[in-house]
Amino acid sequence: MDYQGHFESAIEALHAEKRYRVFADLERIAGQFPKALWRHDGGSREITVWCSNDYLGMGQHESVVAAMTQTARGMGTGAGGTRNISGTNHPLVELERELADLHGKEAALVFTSGFVSNEASISTIAKLLPDCLIISDELNHASMIEGVRKSGAKKQIFRHNDVAHLEELLKAAAPDRPKLVVFESVYSMDGDIAPIAEIVALAEKYNAMTYIDEVHAVGMYGPRGGGICEREGLAARLDVIEGTLAKAYGVLGGYIAGTRAMVDAVRSYAPGFIFTTALPPALAAAATASIRHLKESQAERDGQQRQAARAKAVFADADLPVMPSQTHIVPLLVGDADLCKKASDRLLERHGIYIQPINYPTVPRGTERLRITPTPLHGDALIETLRDALVETFRAVGIPFASQRPAQDERASMATPLVVAQAGG
């Protein structure tokens with residue numbers, strides 16, 4: 001058996017499909033967000049990062065960095081093992097209380113990542129419910145899909161954000177059968193928002209539990225950063241709210257929040273929690289500091305909404321193919337994996353701008369894109385510099401502009417501007 005040959009063939013297939021992923025060697029510069037050093041060919045160069053999920057720049061906020069460094073000095077770097085073996089470090093206890101309060105829930109449980117929290121929680125909840133039927137949005141994240149798969153429960157997929165299709169599936173299920181509706185609030189590749197109120201109403205009507213992933217919304221929406229559910233006054237009606245500490249909060253980890261009984265059941269039965277080393281105290285303290293700051297401060301949310309809206313308008317005025325987006329996500333349609341990679345390479349090498357190409361399987365073939373995430377710290381001058389670099393790159397690489405695409409191609413239409421007043425930041 002030629003083991004290595006199989007691995008090499010698998011990699012060659014990715015190269016042939018123009019979707020082999022190359023990781024840029026970047027070193028973020030504390031205090032100069034969104035600047036970073038790009039290390040390449042033995043040298044280094046300062047560049048601007050335009051695709052970070054550190055959406056508000058909180059990963060470099062003074063209070064967050066101070067909480068992490070002070071806790072590391074006082075308690076060391078690691079957690080010492082699983083919570084069952086080593087106990088729960090006190091900063092982690094405080095973090096879970098802060099998260100429960102954020103979402104108005106009885107309890108919260110922290111995992112080492114958002115992927116693990118989805119995979120472990122969905123699979124465990126469904127396993128604990130006899131003959132559970134999982135009904136899942138077709139565009140759910142890979143971590144949610146893995147949780148559904150590992151549950152072993154029967155699953156049905158409803159068309160993306162299609163509440164009529166969801167109701168068909170709920171209505172067809174036996175009334176007394178346990179049902180779990182799994183969906184996201186903000187879908188991060190397109191920037192659209194789920195019809196949460198309608199989904200919740202259907203779940204209540206047909207006696208189903210709801211599980212919502214708010215990873216691309218916590219910290220950024222709602223008066224205290226509780227996400228789209230908080231913004232729309234729906235948090236109390238969701239059974240399980242899942243989120244991350246690694247995006248808007250700028251640290252690391254994932255979590256769920258809900259009733260005390262549900263959270264305790266996941267804590268007690270989920271292998272992905274039981275057998276994983278706990279989040280270190282310094283990270284927990286940093287996350288708590290970030291959450292507390294964003295519960296009180298609206299400035300970061302307002303700044304992000306403002307700059308995202310400005311970027312969409314500036315790019316559209318330059319005839320760049322801005323895809324429709326209701327949120328802070330600003331996707332530019334490329335529509336070809338090879339051109340997407342070439343554009344990303346040219347932006348970095350020629351213009352000192354880093355935007356990772358988004359290709360299949362993250363998005364469907366034919367919808368390859370550059371996914372831009374403006375933050376409060378991307379000023380107007382940086383937006384204009386990016387616009388000029390994108391225009392030069394699209395021309396040089398041969399990517400069609402918005403006016404050069406078929407009129408029926410709605411994917412390339414100008415995005416709906418953000419309505420900051422209605423969004424509540």
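1. A salt bridge here is a side-chain nitrogen of Lys or Arg within 4 Å of a carboxyl oxygen of Asp or Glu. This is a predicted model. By this rule, 27 salt bridges are counted.

2. Start inside one helix. Glutamate 146 and arginine 149 form a salt bridge, with their closest N and O atoms 2.7 Å apart. Both sit in helix α6 (residues 142-151). They are three residues apart, so about one helical turn separates them. Glutamate 146 is partly exposed, at 23% relative accessible area. Arginine 149 is exposed, at 53%.

3. Next, a pair between two helices. Aspartate 380 and arginine 310 meet through their side chains in a salt bridge, 3.2 Å from N to O. The pair links distant parts of the chain, 70 residues apart. Aspartate 380 belongs to helix α15 (residues 380-397), arginine 310 to helix α13 (residues 299-317). Aspartate 380 is partly exposed, with a relative accessible area of 36%. Arginine 310 is partly exposed too, at 31%.

4. The side chains of arginine 224 and aspartate 101 form a salt bridge, at 3.0 Å from N to O. Arginine 224 lies in the loop between β10 (209-213) and α9 (228-231), and aspartate 101 in helix α4 (residues 90-103), so the pair ties together parts 123 residues apart in sequence. Arginine 224 is partly exposed, at 26% relative accessible area. Aspartate 101 is partly exposed, at 40%.

Key
Residues numbered from 1 in each chain as written. Predicted model: local features only at pLDDT ≥ 70, side-chain atom pairs only at ≥ 80, totals over all residues. Heavy atoms only, no water. Helix = DSSP H or I, 4+ residues; strand = E, 2+ residues; numbered from the N terminus. Buried < 20%, exposed > 50% of the residue type's maximum accessible area, 1.4 Å probe, protein only.
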